Amino acid sequence: MEDEVGVLLPDDYKWLSERYGPGDFDGFMTILHPRSKFWPTCLVGAAERAAELLVQMPQSLRKRVPYDIDHLLAVGKTDNGDTIYWVTEPEAAPNEWTVTANGARNTKWPHFEGGIVEFLVAILSGATRLDVFPSDFPSASPTFIAEADPETARRRPRARRPDPSTPEGAPG
């Protein structure tokens, strides 16, 4: 995986990935995962797409990014289209990387001095608030929901519609 991404990854991220697997936090925030079976939440594919979007950003917006875009590596996303990035400096010391986020519809880039696990703890506990996230996130009791396996996930069965020819309450 590190070969595919092209950099060493932080130890706390590896720990998080091994312990939790793919999924989302509080039904809103997803940390990209190396083994996700869904391309939008797989670290390699999603990080590559986020890098493409940064490169394609108009120069007027790129000037507002307070980081060298070559030192931003997507590590998470939200249901609102916000992206969470590692600031990959120093590149050879991934355990020193910090975290930033960018809202999908704004030019704010709040910075978090810590790794991805510290970031999650701070955000989900409410100790840190980033104004790129909605005011109702996180909930009072945030949870982690494991990603469903697309091979075994089934659609919920549809509720049976009453048969109009059967009187209400009669067995259908």
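Guide: Start with a term: helices (H or I, at least four residues) and strands (E, at least two) are DSSP runs, numbered from the N terminus. This is a predicted model, where local features need pLDDT of at least 70, side-chain atom pairs count only at pLDDT 80 or more, and totals for chains, interfaces and linings use all residues. Residues are numbered from 1 along each chain as its sequence is written, and side-chain values use heavy atoms, with hydrogens and water left out.

Visitor: What is a pocket, and which residues line it?
Guide: On a 1 Å grid over the protein atoms alone, a pocket is an open set of points where a 1.4 Å probe fits, with protein on both sides within 12 Å along at least five of seven lines. Lining residues have an atom within 4 Å of a point. Here, 17 residues line the largest pocket. Leu54, Met57, Asn102, Gly103 and Ala104 lie nearest its centre. The largest share, three residues, comes from α3.

Visitor: What volume does the largest pocket have?
Guide: A volume is the space filled by probe spheres set on the grid points, which are joined across faces, edges and corners. For the largest pocket, that is about 340 Å³.

Visitor: How do the residues of that lining divide?
Guide: Ala, Val, Leu, Ile, Met, Phe, Trp, Tyr, Cys and Pro count as nonpolar; Asp, Glu, Lys and Arg as charged; the others, Gly among them, as polar. The lining of the largest pocket has ten nonpolar, six polar and one charged.

Visitor: Which residues lie nearest the centre of the second largest pocket?
Guide: They are Ala51, Ile69, Asp70, Leu72 and Leu73, out of 15 lining residues. Its volume is about 260 Å³. Again α3 gives the largest share of the lining, here six residues. By class, count ten nonpolar, one polar and four charged.

Visitor: Now the backbone. Which peptide bonds are cis?
Guide: Most peptide bonds are trans. Here, the bond from glutamate 89 to proline 90 is cis, with omega near -5°. Proline 90 sits in the loop between β4 and β5 (98-102). Another cis bond joins phenylalanine 137 and proline 138, with omega about 0°. The loop between α5 (116-125) and β7 (144-146) holds proline 138.

Visitor: What is phi near at aspartate 26?
Guide: Most residues other than glycine have a negative phi. Aspartate 26 has a positive one, near 60°. Look in the loop between β1 (23-25) and β2 (29-31).

Visitor: Is aspartate 26 buried or exposed?
Guide: Buried means under 20% relative accessible area, exposed over 50%, partly exposed in between (1.4 Å probe, protein chains only). Aspartate 26 is buried, at 18%.
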